[in-house]
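Student: I would like to work through this model with you. Please show it first.
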Amino acid sequence: MNYFNLGIAVGVFAASLLVLFRNRLSKDKQDCYDERQVIIRGKGYQYAFFTTMGLLMLYAAFADQLEKYLDAGIIPLAILLFSGLILMGYCLFHDAFWGLSSKKNKRIAVTVWAMFSVLNVMHIVDNSSPDKMWIAGRLSSRFMLPLLLSIFFAIALILMLLKNRMKNDEE
C-alpha cells in the first residue's frame with residue numbers, strides 16, 4: 001500500500017471517528033441554534049449551492065481545454081472546496097458557525113485546521129518532483145489534491161483567526 005492510499009484510509013477513519021464521537025454527545029451538550037442562526041445557515045447553504053452550480057456550468061463549458069493540463073477530477077473537487085469556503089465564511093461572519101461556541105472549541109478547531117494544512121504541505125513537498133507532478137503532460141491529482149486541501153485549510157484557518165480578531169476588537 002502506498003502512502004497516498006494510506007493517507008486516504010487514515011482520513012476516512014479519522015472522519016468516521018469524529019462523526020461517531022459527535023453523535024455520542026448528549027443533545028444538551030451539542031450546540032443549539034436559534035431561529036436567526038438557522039436562517040443564516042440556510043442562506044449560506046443556498047449561496048454555496050448556487051456557487052457550485054455556476055462553477056460546474058462554467059467548468060462544463062471549458063472542460064476540454066482544462067483537462068489538457070489537469071486530471072479530470074481536480075476541478076470539480078476545487079469547486080466543492082471553494083463552495084465549502086463560501087458556506088463556512090458566510091456562516092462564520094454571521095455568527096452561525098458550528099462548533100465554535102466556547103473558547104476550548106475555538107482553540108481545538110484552529111489547532112486541527114492548522115495541523116491539516118501543515119500535513120498537506122508536507123505531502124506537497126514529498127510529491128514536488130517533476131515526475132510526480134506531471135503525468136502524461138498533465139498536473140497529477142497526486143500533487144494537486146494536497147495542494148488544494150492545503151489551500152482550503154489555510155484559508156479556513158485565516159477566516160477563523162480573522163473572525164476571532166474582529167470579535168476581540170469589538171469587545
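Tutor: Axes here are lines fitted to C-alpha atoms, for helices over the stretch in contact, and angles run from 0 to 180 degrees between N-to-C directions. The model is predicted: local features need pLDDT of at least 70, side-chain atom pairs count only at pLDDT 80 or more, and totals for chains, interfaces and linings use all residues. Residues are numbered from 1 along each chain as its sequence is written, and side-chain values use heavy atoms, without hydrogens and water.

Student: How do the axes of H3 and H6 run relative to each other?
Tutor: The axes of H3 (residues 74–93) and H6 (residues 141–170) come within 11 Å and cross at roughly 10°. Angles under 35 degrees count as roughly parallel. H3 and H6 are therefore roughly parallel.

Student: Where is the kink in H2 centred?
Tutor: The bend at a residue is the angle between axes fitted to the seven residues ending there and the seven starting there. In H2 (residues 35–66) the kink is about 50°.

Student: Which helix do the buried residues of H2 pack against?
Tutor: Buried means under 20% relative accessible area (1.4 Å probe, protein chains only). In H2 the buried residues include Ile 40, Ala 48 and Tyr 59. Contact means heavy atoms within 4.5 Å. The buried residues of H2 pack against H3.

Methods:
Helices (H or I, at least four residues) and strands (E, at least two) are DSSP runs, numbered from the N terminus. Angles under 35 degrees count as roughly parallel, over 145 as roughly antiparallel, 65 to 115 as roughly perpendicular and the rest as oblique. Buried means under 20% relative accessible area, exposed over 50%, partly exposed in between (1.4 Å probe, protein chains only).
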